[in-house]
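Here's a quick briefing to read alongside the model. Take a look at the structure first, and then we'll walk through it topic by topic.

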Amino acid sequence: MPEAFLILILFQLVGSALQTVLHLPVPGPVIGMFLLAAALLWKRSRTRTDKAASSFDSPALSSLSRSLIACLGLLFVPAGVGLVTQMPVLLANGLPIAVALFGSTLLGLMVTAFVMHKATRDRPSPERIPDTGGQVL
Amino acid sequence: MQSLSHTLHQIYARFLPEPNMETLFWLSVTLAVFALGVRLQIRLGRAPWANPVLFAIAFVALGLLVTETPYATYFQSVKIINFLLGPATVALAIPLADSIRLVTRSLPAMTLALLAGSITSVVSGVLLVLLLGGSHDVALSMAPKAVTTPIAIAITTQIGGIPALTAAFAILGGIIAAMIGETTLRRLGITDWRAHGLAAGIAGSGIAAAQVAQRDPVGAAFAALGIGLNGLVTAIIVPLILYFLPG
């Protein structure tokens, strides 16, 4: 587990360093994510397996990552509570903000999913969302 | 109400004099309220509208108001939670690497969907604010709101919006996408995790991605890609689109 945590932190560090040095418009952790994915794929192509096998591509790394992703929502709470500092502007422009946030988010979701849906229809995914009769998650 | 909040503040100040006790207190409150929110969501048939992030933010914000605690003090207490956001973002590489075959197979479709979704988000956000009489500052701050918060702040600084406002919009937009995304897309007959994941990553960044990632690893992989690629595309198209904006 300590090694797994070290891997995540190291890739975040390298990502952040690259962002600073190259003045990239993308945050360090996101660059780190792309780098780690590339490293995992490179490692797996050499060992010719799809499963986590040895060295840094370990079961510990995937279980730590699963735990972190499972509580991803919690990690947004500290920044989210920062909304309290923006109350005056939010209230002064309440209607345009509410309509634009709802409308634009909804449109963005629908357009992205619709285009993706249409463009992948000839090759359906093996995994579909089970129909639970309106009850989701 | 004023005297009640004053009394509560006095009780709070008397029982929590040590700074590190205050830190532990707000850390506990945040964890407990989020855990309660998750239980509540499960109790409500796992309804996406019962979003635990929104529940926790509303409850903690109310707590800060009642105890008259400044946001800076609170943030200092929960810094450790905020810190984990970095490693958790890097961790999205694992579902991404695990589903790479599926991702490369739908690369052309993804490129199309990414461009369409990014442009729609930016243009509709800016236009809706201006049409409803919102200020120019608010419109500019709305432009990059679909992007993950750190990228959104970088973009808004570049175009002259208000960074703190953009952060607020990014978080609120993410919560909205997490709350209504799955139900809306299901109603349109879209039941493919690739489409759900990509849409969550592009329209709702991290918070909506968190909702999808809990449900399915393929959805998590496409959401991770959506967050990263949308950041790149939006950083390029926002200045281009605003160039044509009057005013």
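In which helix of chain B is the place of T166(B)? T166(B) belongs to helix α12, which covers residues 163-187 of chain B. Bear in mind that this is a predicted model, where local features need pLDDT of at least 70, side-chain atom pairs count only at pLDDT 80 or more, and totals for chains, interfaces and linings use all residues. As for bookkeeping, residues are numbered from 1 along each chain as its sequence is written, chains are lettered from A and ligands numbered from 1 in the order in which they are written, and side-chain values use heavy atoms, with hydrogens and water left out.

**Chain B overall**

- Chain B has 14 helices and zero strands; helices (H or I, at least four residues) and strands (E, at least two) are DSSP runs, numbered from the N terminus.
- With a radius of gyration of 20 Å, close to the 18 Å that the globule rule gives for 247 residues, chain B is as compact as a globular protein of that length. The radius is taken over C-alpha atoms, and the rule is 2.2 Å times the number of residues to the power 0.38.
- Along its principal axes, the C-alpha trace of chain B spans about 60 × 45 × 30 Å.
- Of the 247 residues in chain B, 57% are buried (under 20% relative accessible area; exposed is over 50%, partly exposed in between, with a 1.4 Å probe and protein chains only).
- Take the contacts (heavy atoms within 4.5 Å) in chain B with a separation of 6 or more: 65% of them come from residues 24 or more positions apart.
- Chain B exposes about 10300 Å², and carbon and sulfur atoms supply 70% of that. Accessible areas come from the Shrake-Rupley method with a 1.4 Å probe; for residues, only the protein chains shown count as cover.

- T166(B) counts as buried because its relative accessibility is 0%.
- Leaving aside residues up to four places away in sequence, T166(B) touches S141(B), P144(B), A152(B), I153(B) and T156(B).
- P48(B) sits in the loop between α2 (19-43) and α3 (52-66) of chain B. At 4% relative accessibility, P48(B) counts as buried too.
- P48(B) and S5(B) are 43 residues apart along the chain, and their C-alpha atoms are separated by 33 Å.

**Chain A overall**

- Chain A comes to six helices and zero strands.
- Buried residues account for 41% of the 137 residues in chain A.
- Among contacts in chain A between residues at least 6 apart in sequence, 35% join residues at least 24 apart.

**What the UniProt record lists**

- For chain B, the unreviewed UniProt entry lists several spans as "transmembrane region", including residues 24-42 and 78-97. UniProt positions are given in the numbering used here, feature names are shortened, and annotations may be inferred rather than shown by experiment.
- Residues 24-42 of chain B are 100% helix and 0% strand, with end C-alpha atoms 27 Å apart.
- Residues 78-97 of chain B are 85% helix and 0% strand, and their end C-alpha atoms lie 31 Å apart.
- For chain A, the unreviewed entry gives residues 26-42, 63-85 and 97-116 under "transmembrane region".
- Residues 63-85 of chain A are 57% helix and 0% strand, with end C-alpha atoms 37 Å apart.
- Residues 97-116 of chain A are 100% helix and 0% strand, and the end C-alpha atoms are 28 Å apart.
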